[in-house]
Amino acid sequence: MATELNGPVRVRFAPSPTGFLHLGGVRTAIYNELLRLHCGGVFVLRIEDTDKARSDEAMTRQIQDALSWTGICWDEGPFLQSERLPRHAERAAELLAADRAYRCFCTSEVLEAQRAEAQKQGGSFRYPRTCAHLAADEIARRVEAGETFVVRFRAPDENILFFDLVRGDMEFPPESIDDFILLRSDGSPTYHMSVVCDDIDMAISHVIRGEDHLSNTPKHVPLFLAFGAAVPTFAHLPLILGPDKKRLSKRFGATSVEEFRAEGILPQALYNYMALLGWSPGEDREILSRDEMGRIFDVDRLNASAAVFDREKLLWMNGQYILASIVEELLPHLGPFIHEAGLDGADPARLATVLELHRSRARTLRELVQSVIPYFRDEVPYDAELCKKFLADPELPVHLAALRDRLAEAEFEKDPLEAALRAVAEERAIKPSVLIHPVRMALSGATGGPPLFDLVAAMGKDETSRHLGHFIAYLRRGGTLPEHQD
RNA sequence: GUCCCCAUCGUCUAGAGGUUAGGACAUCGCCCUUUCAAGGCGGUAACACGGGUUCGAGUCCCGUUGGGGAUACCA
């Protein structure tokens with residue numbers, strides 16, 4: 001299916017503010033933005049907050065913040081659908097006047113019973129058009145009598161055709177929809193009425209949304225037609241699945257933008273990863289910026305099958321972004337993690353130095369900041385299990401004491417430090433590694449980390465001396481905790 | 001139940017009738033290295049099944065199975 005998209009588009013992202021921005025939502029927003037970036041045009045943000053019971057202003061704010069954080073930019077809006085309700089009712093009235101819609105006095109109780117019966121028979125329920133052809137005077141009389149009614153659309157009896165960028169030409173038989181409701185008995189528009197009305201008023205050319213709307217589309221298409229409006233081109237994106245191949249749910253971890261942000265995922269990484277979950281640039285490269293993707297975005301490359309969200313790969317990609325960023329670029333995102341780690345008062349220059357040392361070792365910003373805590377604490381906690389082989393060497397405290405004395409007069413730069421340690425090792429006829437590993441343990445409490453002499457240099461003379469002193473004492477005590485502060 | 005959609009390594013995917021079925025994550029091994037990462041090199045690993053169509057099918061058609069979605073006076 002070759003799809004030549006030329007000229008500017010008008011796209012929209014229309015979330016309902018019923019919670020945090022979900023991964024599926026971000027991805028939909030991303031593809032909207034990418035199409036807009038590729039073709040030029042306008043990206044509209046519309047908040048579908050007509051369900052007052054489930055929407056509130058804070059959530060609306062929340063969604064905008066999450067989009068902005070992710071790096072998604074819209075050109076127009078946000079428009080609140082709730083503010084357009086009178087317009088929707090007005091347009092429904094036009095349909096009523098043109099006899100493309102009609103008043104239906106059937107109560108939901110009656111309909112419910114009919115529905116239950118139809119399902120018991122093993123079929124699907126369609127509104128039986130009980131009120132489709134009431135006489136004008138009867139309608140007038142019942143309205144006059146105060147009977148409540150809904151407004152129903154006269155669904156077409158022909159096949160419904162539309163084009164979907166992901167699935168190609170779609171054709172639905174008329175039975176797949178019924179005379180669905182446009183206006184509820186309280187006069188408020190239903191979702192179908194609102195979306196179509198807004199998409200027309202906002203001149204939306206391409207509707208990119210989740211696959212869960214695919215079966216709503218046969219309702220929307222004839223509505224566009226009834227209004228004499230151009231039917232937009234659709235793109236129904238497959239759903240995002242969890243590791244169990246079921247709809248992504250909380251029980252496998254984070255599902256909202258907020259949560260990934262709180263874990264220390266960079267916005268660019270989330271954007272990049274989500275864009276590739278269901279779309280591929282057709283080349284082997286996977287690390288792509290928003291602008292690059294916008295340039296090469298091609299709707300033909302949207303995948304039609306559902307994708308499993310792979311947290312591991314997101315983490316890997318985030319690591320790639322951390323690795324590719326300089327500390328100055330990372331810093332604006334680090335605030336909450338620095339606070340969480342209790343490093344608010346840390347010397348900024350020293351913080352930057354050690355963050356740099358650990359950049360290639362972290363997959364999230366949280367991990368990165370956590371890994372740097374050892375440089376800022378007074379006491380290093382030693383794990384007897386990890387220190388086992390150091391405790392087994394009775395000579396070690398003596399060697400380390402000698403090293404400590406030597407380092408006290410060394411220049412605290414990487415190379416001189418290394419020279420000093422090697423000299424001590426040679427004098428004492430031991431291998432450098434006999435000193436290297438315990439020094440790492442003494443200073444960081446860990447067995448892994450950045451190159452030792454970077455670590456020592458970053459730690460500084462005073463801290464190094466103090467930690468070494470503590471560690472030597474710890475070894476001499478045989479690995480027990482200190483009885484009191486020395 | 002009914003309608004609709006989907007189906008390549010464990011996962012994301014490339015593949016538009018003829019490929020040793022390619023890449024990435026994960027995994028395993030090796031190299032680098034004082035360690036842990038990062039990086040480099042290599043390995044394991046896939047066309048759900050059954051029928052067609054065709055000289056030839058991962059690619060086209062039908063069916064089966066499996067998964068998902070929709071079946072509201074929710075959006």
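The largest pocket in this structure has a volume of about 1,100 Å³, and the structure itself is a predicted model. The second largest pocket has a volume of about 410 Å³, and a search of the whole structure also finds one cavity of 30 Å³ or more.

**The largest pocket**

- The lining of the largest pocket is made up of 40 residues, and those that lie nearest its centre are A14, P15, S16, D212 and H213.
- At least two lining residues come from each of strand 1 (9–13), helix 1 (23–39), helix 6 (191–201) and strand 9 (206–210), with helix 1 supplying the largest share, which amounts to four residues.
- Sorted by class, the residues that line the largest pocket comprise 14 nonpolar, 15 polar and 11 charged.

**The second largest pocket**

- Around the second largest pocket there are 23 lining residues, and S108, L111, V150, R152 and I181 are the ones that lie nearest its centre.
- Helix 4 (108–120) and strand 5 each contribute at least two residues to this lining, and helix 4 gives the most, with four residues.
- The lining of the second largest pocket contains 10 nonpolar, six polar and seven charged residues.
- Two of the residues nearest the centre of this pocket, R152 and I181, are also bridge partners, I181 being the partner of R152 in strand 8.

- Three strands, in the order 4-5-8, form an open sheet in which the pairing is antiparallel.
- Strand 4 (101–104) and strand 8 (181–183) stand at the edges of the sheet and have a single partner strand each, so that one side of each is left without a neighbour in the sheet.
- From one strand to the next, the twist averages 45 degrees.
- Strand 5, which covers residues 150–153, pairs with strand 8 in the antiparallel sense over two bridges.

- Two or more of the lining residues come from each of helix 16 (396–408), helix 17 (414–427) and helix 19 (452–459), and the largest share, three residues, is that of helix 19.
- By class, the lining of the largest cavity has eight nonpolar residues, with no polar and no charged residues.

**Confidence of the prediction**

- Chain A has an average pLDDT of 91, and 97% of the residues score at least 70.
- Among the elements of chain A, the highest mean pLDDT, 97, belongs to helix 9 (residues 267–275), whereas the lowest, 84, belongs to helix 4, the helix that gives the most residues to the lining of the second largest pocket.
- For the complex, the predictor gives an ipTM of 0.95 and a pTM of 0.93.

Technical notes
Residues numbered from 1 in each chain as written. Chains lettered and ligands numbered in written order. Predicted model: local features only at pLDDT ≥ 70, side-chain atom pairs only at ≥ 80, totals over all residues. Heavy atoms only, no water. Pairing = 2+ DSSP bridges. Axes fitted to C-alpha atoms, helices over the stretch in contact; angles between N-to-C directions. 1 Å grid on protein atoms, 1.4 Å probe; cavity = no way out; pocket = protein on both sides within 12 Å on 5 of 7 lines; lining within 4 Å. Points joined across faces, edges and corners; volume = space filled by probe spheres on them. Nonpolar A, V, L, I, M, F, W, Y, C, P; charged D, E, K, R; others polar. pLDDT = per-residue confidence, 0-100.
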